[in-house]
Amino acid sequence: MRLYWKYVVILFKSQMQYRASFWLLALGQFLVPFSVFAGLYFLFERFEQIEGWQFHEVALCFAVIHMSFSLSECFARGFDNFSGMVANAEFDRVLVRPRGTIIQVLGSKFEFTRAGRLVQSLLVLAWAVSRLPVEWTLLKAVTLMLMVISGTFIFTGIFILAATLCFWTVQGLEIVNIFTDGGRQMAQYPLQIYRKWVTRFFTFIIPFGCVNYLPLLYILDKAPGNEWLYMLAPLAGIVFILPCLFVWRIGVRHYRSTGS
Amino acid sequence: MKAYVSVFKLRLFHGMQYRAAALAGIATQFFWGFIIIMVYEAFYSQGSIDAPISLDELISYIWLQQAFLAFIILWFRDNELFQLITTGNIAYELCRPSGIYGLWYAKLLAQRLASALLRSMPIIAVALFLPQPYQLLPPSDLSTFLLFAMTLLLGLLIMVALSMLMYISVFVTLSPSGSLLMFAVLGEFLAGMVIPVPLMPIWLQNIVNLLPFRYSADFPFRVYSGHIPYNDALTGILIQLAWLAALIGIGWFAMAKALRRVVVQGG
């Protein structure tokens, strides 16, 4: 863990060398989800609700998912860019060092400009929380935290899976974007509005439903039956990372250097 | 002219090389399209509000948007051009016996065309035969289709002219990322990429109509579905031509000015 923070500090310093560029990029990153959110706002202004969900409820969903996404993009960016590391055989160097591979890849890159995205979704979150006609309790606050954490773990898990594929394909695969960008796009709305096959896939295979839908029901007092189940659903999202890490290990064992 | 054509051809073939990437892109765009359509389906299912654009028209809007993504996104980055400017290799480009604006314009145009040719045909072919709610309906008659093709092409030319302005700005700033990202995000929003222009509130639509962005994406797609009637489409084409002339003029002028002061960065 100490090593990890050292990586973070070094990379932060290096990115701060180009200060103006850093701030501009962060601002740009702020605007990306902002334009999406503006779109959401305009849609709700016209249609008022989506299958019984109010604007503030969807805004909460939006904020949680975008926060998780920006957090995992910030911290797990190393996995996102992993294809480059395999292609020029930089990964050889990682293997000979006496530390775990995961921590080194994680530490190879941080995208601090994603903080812009994070700030934007934090603002939306605060605004949605203050507007929702919900009685906030400690348990609900904990659930909300769990949602964000769990989402971060899921996105990181997908990044790891995508990186693992690079061991076989060398090149990065654009198709993985379906699950990262596509997953983000989809999980902005409560999962219930989609067709059954989408809902099922994204609850049981990639557990986005455990992040943005089931616990949301609990927070909004809409959960039928056992509340605890809904509240603890985000834990399933955290568990998702275990098989991903397992696959990563298999991948590392299969690694053949490109030698360049 | 011949030089521009050959640069154009070269780029086109170059872009066609990446077939696997195109396939992955197609899959992504299909998923994306489905998700967006389902969201609108849910919005429209309430039925109580009379929307300014019907669901069928909206669905064709979305599929066309996915299919011609390469035509309409502002941020179609060519790192090669950026590197030319920031590393100083621009000096070689300047030695070439043809105008640099035309050369780059042809390059960018070919790049978008290659990418769109690979992606749009399969997407449209499949979308035409999807089951009912998701189907891309064919245009009502031949003249609508011809109008669509024309507006789309003009829109592409406008988009390339716009993106040329972005490249020219790099001469001044030397750092391509931040400011251009902002410009791209704003431009795409105003082009109706985030939500379709007819669904925006009226005050915003008034602003959007004054700017060139919507003429590259929103306008041709609505011509296709017949949401913009025949006569309005013809006026729209005139506006497109005016914008195109203006944007190329500005680009040409700015490029000439930037080149006069260009500092070749070592290299």
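Q: What places residues of chain B in contact with chain A, and how many residues are involved on each side?
A: In this predicted model, 28 residues of chain B are in contact with 30 residues of chain A, because their C-beta atoms, placed from the backbone, lie within 7 Å.

Q: What is the make-up of the side of chain B that touches chain A?
A: The residues there comprise 20 nonpolar, eight polar and no charged. None of them is therefore Asp, Glu, Lys or Arg, the residues counted as charged; Ala, Val, Leu, Ile, Met, Phe, Trp, Tyr, Cys and Pro count as nonpolar, and the others, Gly among them, as polar.

Q: How many helices and strands does chain B have?
A: Chain B has 12 helices and zero strands, where helices (H or I, at least four residues) and strands (E, at least two) are DSSP runs numbered from the N terminus.

Q: Which residues touch the most other members of the largest nonpolar core?
A: Among its 151 residues, these are A:Phe62, A:Val64, B:Phe68, B:Ile72 and B:Val160. Leaving aside residues up to four places away in sequence, B:Val160 touches B:Tyr105, B:Leu108, B:Leu109 and B:Arg112.

Note on methods:
Residues are numbered from 1 along each chain as its sequence is written. Chains are lettered from A and ligands numbered from 1 in the order in which they are written. This is a predicted model: local features need pLDDT of at least 70, side-chain atom pairs count only at pLDDT 80 or more; totals for chains, interfaces and linings use all residues. A nonpolar core is a set of buried Ala, Val, Leu, Ile, Met, Phe, Trp, Tyr and Cys residues joined through C-beta atoms within 7 Å. A residue is buried if 20 or more other C-beta atoms lie within 10 Å of its own, exposed if 12 or fewer, and partly exposed in between; C-beta atoms are placed from the backbone. Two residues are in contact if their C-beta atoms, placed from the backbone, lie within 7 Å.
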